[in-house]
Amino acid sequence: MICDESVIGRYQSGLQFSPLEDPQSWLFLNKGSANAVFRHVTDDSSFSGKVIRLRLANSKIRTKEIYDYIVDNFSALEDYLPRMDMVTLHQGFVNDLQHSSGVMLNLDDPNGILMDNLFQHPVSTIKLNKHIIFHFNERNDESLFELKPKWLYDPPAEIKYCRNCSLLKYKNEKIITCNLKLLSRDTLDEWCNDIIENLPNQLPGCLTGSEVGMQLKSAMKENFDVIQKIYHLQNRKGFNAHERLLNLKSEDDVDDFLRYSMTLKDMTIVVGLYSKKLTILDLDKKSCSKWKSWQNQEASLSQYYTLPDCQRGLKSCCTRAN
Ligand SMILES: Nc1ncnc2c1ncn2[C@@H]1O[C@H](COP(=O)(O)OP(=O)(O)OP(=O)(O)O)[C@@H](O)[C@H]1O
Ligand SMILES: [Mg+2]
Ligand SMILES: [Zn+2]
């Protein structure tokens with residue numbers, strides 16, 4: 001994919017910021033398996049409402065490589081990416097953040113990515129499973145829905161239960177719905193209903209489940225085309241990710257498309273229930289050195305793909321959305 005001017009225009013790289021020399025104005029917010037996010041806490045400057053995203057100590061790929069990868073590969077999703085500024089940091093600054101948070105960071109990485117803090121207002125979080133989280137704003141002005149859509153694909157014919165449902169089952173996570181229902185307008189309402197049914201009766205503020213359900217349906221319908229876009233980017237004619245993963249013999253076998261689709265499968269989507277604005281987070285370039293763990297996981301899942309009905313407990317899986 002060719003990087004176009006408008007994408008470059010929205011990103012600024014290599015900025016030098018003096019407020020980034022004050023580690024006390026940044027507080028640890030959250031982390032995943034490869035990144036930690038710190039929020040700016042003083043409300044002076046142009047940094048209020050911002051977070052800085054740094055690589056964890058064990059991460060193989062540095063910020064600049066990730067930043068360049070996003071700019072070069074995801075122009076098709078440009079409208080849904082938050083503004084990202086790559087900033088240069090002193091090692092002492094990163095070291096101080098590591099010290100204050102107790103989170104081990106990559107001290108050799110001279111860069112971080114500055115973004116708007118999506119979770120700026122006080123929220124109550126309701127996590128339905130690892131991939132579906134609501135962030136309710138007590139003031140009811142904008143609640144956020146966080147989703148990891150994972151594999152949006154047409155499963156090969158021999159697979160009865162898609163990889164998302166199989167993975168949740170394998171990890172003993174609660175199966176709320178099958179994300180393949182997001183791929184057809186006919187099953188989109190069903191997908192929303194599956195989720196709303198799993199919300200507790202008492203919601204923060206004075207929201208009701210049916211109000212949230214209506215907001216979610218409306219927001220996801222509005223963003224149907226974006227989900228389709230992600231589906232089309234993840235899939236290529238004749239590409240069978242299951243087969244490709246099982247047949248890898250070394251990291252040299254990981255081709256650019258497999259690598260790219262692994263990035264897309266790891267993205268997080270955040271949707272405003274009121275504004276309906278959809279934001280895509282986390283399009284990190286994946287290290288090919290992970291090939292063996294990808295393959296092992298794929299092998300472990302094999303038994304779930306074809307479980308007979310009586311054992312599967314995968315009630316909500318729909319293997320063919322279209
Ligand atoms: N722009 C942002 N505003 C507010 N919070 C954010 C932002 N970006 C990330 N976060 C928070 O930080 C967490 C970790 O970020 P991120 O998903 O980028 O890390 P990761 O290591 O790639 O995670 P994973 O292991 O799930 O891939 C997110 O789950 C989210 O809660
Ligand atoms: Mg990630
Ligand atoms: Zn499924």
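How many nonpolar, polar and charged residues does the shell around ligand 1 have? By class, nine are nonpolar, six polar and five charged; here Ala, Val, Leu, Ile, Met, Phe, Trp, Tyr, Cys and Pro count as nonpolar, Asp, Glu, Lys and Arg as charged, and the others, Gly among them, as polar.

Before starting, note that this is a predicted model, in which local features need pLDDT of at least 70, side-chain atom pairs count only at pLDDT 80 or more, and totals for chains, interfaces and linings use all residues. Residues are numbered from 1 along each chain as its sequence is written, while chains are lettered from A and ligands numbered from 1 in the order in which they are written.

**Whole chain**

Show the protein chain as a cartoon: there are 11 helices and 11 strands. Helices (H or I, at least four residues) and strands (E, at least two) are DSSP runs, numbered from the N terminus. Buried residues make up 30% of the 322 residues. A residue is buried if 20 or more other C-beta atoms lie within 10 Å of its own, exposed if 12 or fewer, and partly exposed in between, with C-beta atoms placed from the backbone.

**Ligand 1**

Select ligand 1 and the 20 residues around it; N30, G32, S33, N35 and L118 come nearest. A residue belongs here if its C-beta atom, placed from the backbone, lies within 6 Å of the ligand. Strand 2 (26-31), strand 3 (35-40) and strand 4 (50-55) each give two or more residues to the shell. The largest share, three residues, comes from strand 2. Now colour domain 1 (5-116) and domain 2 (123-312): both give residues to the shell, so ligand 1 lies between them. The domain bounds come from an automatic or database domain assignment.

**Helices 4 and 10**

Next select helix 4 (residues 163-170) and helix 10 (residues 291-305), which pack at an angle of about 100° with their axes 9 Å apart. Axes are lines fitted to C-alpha atoms, for helices over the stretch in contact, and angles run from 0 to 180 degrees between N-to-C directions. That makes helix 4 roughly perpendicular to helix 10, a term for angles of 65 to 115 degrees. On helix 4 the contact is made by R163, S166, L167, K169 and Y170, and on helix 10 by S300, L301, Y304 and Y305. Two residues are in contact if their C-beta atoms, placed from the backbone, lie within 7 Å.

**Helix 9 and Y69**

Move to helix 9 (residues 256-264), where Y260, S261, M262, T263 and L264 are buried. Its buried residues pack against helix 2 (63-73), helix 7 (224-234), helix 8 (241-246) and helix 10. In helix 2, pick Y69, which counts as partly exposed with 18 C-beta neighbours inside 10 Å. The C-alpha atoms of Y69 and Y260 are separated by 9.7 Å, although the two are 191 residues apart along the chain.

**Three loop residues**

Which residues is K148 in contact with, leaving aside its neighbours within four places in sequence? They are H131 and T268. K148 sits in the loop between strand 9 (144-147) and helix 4.

Then select N172, in the loop between helix 4 and helix 5 (185-197). N172 has a positive phi of about 60° although it is not a glycine. Most residues other than glycine have a negative phi. N172 is exposed, with 6 other C-beta atoms within 10 Å.

End at K276, in the loop between strand 10 (268-272) and strand 11 (278-281). Its phi is also positive, about 65°, and K276 counts as partly exposed, with 14 C-beta neighbours inside 10 Å.

Notes: Angles under 35 degrees count as roughly parallel, over 145 as roughly antiparallel, 65 to 115 as roughly perpendicular and the rest as oblique.
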